[in-house]
Amino acid sequence: MKSSPERDWKNIFKNPKFIFFIIFISTFILYLSTWTAQYTTDGIILAQLCEKGKSITLIFWNPQHPFWAITGSVLYKVSEKMGMNFSSLSLIQALNSFFGALCIAFFFLVLHKITGNRMISLLFSLIMAFIYRFWFYSVEVKMYVISAFFVILSLYIIINTDQKRFYLYPIAGITAALSFFYHIINIFFIPVILFFSLTTKSDFKTRLSGTTSLALMTATLIIIVHTSIFASLFGGGHINAMLNFDQLYRWFGLGTRFIGQEVPTGRQNLETFIKGFLAQGTDIKDSLFMEAKTEKVIVLKILLLLFPAFLIFCFIIFIAGLWKTPGEKLKIILPSLIWIAVYSIGIEQVHARNDMSFMILFPIIIISAVGMASIPKINNVLYILSLFVLLFFSLNLMIKIYPEHLKGGNPWLCRVLALGPYVKAGDSIYFSGFFPDVYYAGYFLKANAVDLEVEFERNVNETTDKIIKNLLSKMNNDLSLGHKVFIDRHILFPAVSPDQWMPAAMDLERIKNFFGERLILKSKKGIGPDEALFELSAVRL
């Protein structure tokens, strides 16, 4: 008996692959249409590196995420070769939107494979798509969602392995290594994927040999990539230095920011682990939504009330999953619990709180989905879950995502763009500290933006007087070359407001007095919003 066209259409809509495609297309379009204007400083630095095409520098090959800059640079160069006039900023945002959508689509397939329920898998994957932190990094520049994509892809591959598809084990090792190359936090995913690998449906011998091949593939790629980068930066003769634990810890764990600091003791590490684990409640809340200064107080209060309800809801489902789930599904719950534990520890250890806390929501959702799938009468619960999907989408879009999409919502960006008529490419601007406008000016105005805090950190062993003399020489050189030189008003007039952040390492009053004797202003009136900058006419060395 032939099936009717109507039945064929219904079967298509029930096909997980079709749902995968619909999820990908819809979330991709959503992310593309909600690109943020709240660019992070790391994101702007990344965009600058990609356009400048730097290669063998420590900041380019940041050990915490060595593939960020090379991915952006290749993308930018390819677009240039194809004659497309796109900025690296736009290209990387498009790339993140693509991988964010692909991550959610694969997460649906993971949930469907585990639960066998299309609606549960669809709704929980959409909740992940609309969680604030994941949504934000799918529309921003930092490549966190690419690392999340390779984590989910590794999980998808490993839960589909069996004796006939042994080749999937080393492929999962490749994708697990790629997740590590896009963020160091995913070193903690390696024990998770190995645990998942040991619980596949293959016989014990296949699982053991497959898990071994996965581990060897991951370790080999990490060693090859990082030793190659280390050798290109410091020379092949220094490779042995990586075998020293202290050096290895600084290289992987602390990256460029903390080189030179002492490696924490075992007790300090234990304290960090405990603090990181206990801090996840706040971090998860910030991942779900970010509180905004808004007049929609009623809506915000509703969201605040719904958040603990959501956690209680997940906890009840988790308990139901533990007691009512068959043995096969317990194999999913146990590695998911390990996932939560190791990431809670790792996020604090590698200083990735807030940024990567959304990674802990993946195993929480997996556990919740497994628990929900074990509930006999599930329709009413699905209605509640659908409501949460709608609430996460509408509230995060209304309160944060859409306002952040507008350039007017970023005061630092507005301030820098307002300086456009005064500052030309190649001009120099000296800023007082680590504010986003330092990097915004460098990228959007193509100016030589100098961050005094960075200058003081780089020359921590020098005296304040010597550092300032070097800066004055740079200013004088810029003026002699015909470039304009601008000074941030905070250098000349240090803020006294208690809520005004200033670098602790900088004696601003001393800097003001020292500069004041040697800087000749073109006018006593500043330029731009709030007279933000003052132009120099000459420098007394």
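Me: Which residues does His112 touch, not counting residues up to four places away in sequence?

Reply: This is a predicted model. In it, His112 touches Pro16, Asn117, Arg118 and Ser121, with residues up to four places away in sequence left out of the count.

Me: Where does His112 lie, and is it buried or exposed?

Reply: His112 lies in helix H5. Its relative accessible area is 19%, and the cut-off for buried is under 20%, so His112 counts as buried.

Me: Which residues make the contact between H2 and H5, and how do the axes of the two helices cross?

Reply: Start with the axes. Those of H2 (residues 16–32) and H5 (residues 88–115) come within 8 Å and cross at roughly 150°. Angles over 145 degrees count as roughly antiparallel, and that makes H2 roughly antiparallel to H5. The crossing is right-handed. On the H2 side the contact is made by Pro16, Ile19, Phe20, Ile23, Phe24, Thr27, Phe28, Tyr31 and Leu32. On the H5 side the residues include Ala94, Ser97, Phe98, Gly100, Leu109 and His112.

Me: How many residues of that contact are nonpolar, polar and charged?

Reply: The contact of H2 with H5 divides into 17 nonpolar, 4 polar and no charged residues.

Me: How should I read the pair H6 and H17: at what angle do their axes cross?

Reply: Read the angle, then the handedness, then the residues. The axes of H6 (residues 118–130) and H17 (residues 361–373) come within 10 Å and cross at roughly 155°. H6 and H17 are therefore roughly antiparallel to each other. Their crossing is right-handed. H6 contributes Ile120, Phe124, Ile127 and Met128 to the contact. H17 contributes Leu361, Phe362, Ile365, Ser368, Ala369, Met372 and Ala373. By class, this contact has 10 nonpolar residues, 1 polar and no charged.

Me: What is the orientation of H19 relative to H20?

Reply: The axes of H19 (residues 411–418) and H20 (residues 436–444) come within 9 Å and cross at roughly 45°. That makes H19 oblique to H20. H19 passes H20 in a right-handed crossing. Trp412, Leu413, Arg415, Val416 and Leu417 of H19 meet Pro436, Asp437, Tyr440, Ala441 and Phe444 of H20. The classes here are 8 nonpolar, no polar and 2 charged residues.

Me: Where is Val438 found, and how far is it from Ile44?

Reply: Val438 is found in helix H20. With a relative accessible area of 2%, Val438 is buried. Val438 and Ile44 are 394 residues apart in sequence, and their C-alpha atoms are 10.0 Å apart in space.

Me: What is the phi of Lys446, and where is its place in the chain?

Reply: Lys446 has a positive phi of about 55°, although it is not a glycine. Its place is in the loop between H20 and strand E2 (448–451). At 42% relative accessibility, Lys446 counts as partly exposed.

Me: What describes a pair of aromatic rings?

Reply: Such a pair is described by the distance of the centres and the angle of the planes. A search of the whole structure finds 32 aromatic pairs. In one of them, the rings of Phe130 and Trp135 have centres 5.9 Å apart and planes at 50°, so the pair is tilted. Phe130, at 9% relative accessibility, counts as buried, and Trp135, at 0%, counts as buried too. For Phe136 and Tyr137 the ring centres are 5.0 Å apart and the planes are at 70°, so this pair is edge-to-face. Phe136 and Tyr137 are both buried.

Me: How many helices and strands does the chain have, and what share of its residues is buried?

Reply: The chain has 24 helices and 5 strands. Buried residues make up 51% of its 541 residues.

Me: What share of the contacts with a separation of 6 or more comes from residues 24 or more positions apart?

Reply: Residues 24 or more positions apart account for 72% of those contacts.

Methods: Residues are numbered from 1 along each chain as its sequence is written. This is a predicted model: local features need pLDDT of at least 70, side-chain atom pairs count only at pLDDT 80 or more; totals for chains, interfaces and linings use all residues. Side-chain values use heavy atoms; hydrogens and water are left out. Axes are lines fitted to C-alpha atoms, for helices over the stretch in contact, and angles run from 0 to 180 degrees between N-to-C directions. Helices (H or I, at least four residues) and strands (E, at least two) are DSSP runs, numbered from the N terminus. Angles under 35 degrees count as roughly parallel, over 145 as roughly antiparallel, 65 to 115 as roughly perpendicular and the rest as oblique. A crossing is left-handed if the near helix is turned anticlockwise from the far one by less than a right angle, and right-handed if clockwise. Contact means heavy atoms within 4.5 Å. Ala, Val, Leu, Ile, Met, Phe, Trp, Tyr, Cys and Pro count as nonpolar, Asp, Glu, Lys and Arg as charged, and the others, Gly among them, as polar. Rings of Phe, Tyr and Trp (its six-membered ring) pair if their centres lie within 6.5 Å; planes under 30 degrees apart count as stacked, over 60 as edge-to-face and the rest as tilted. Buried means under 20% relative accessible area, exposed over 50%, partly exposed in between (1.4 Å probe, protein chains only).
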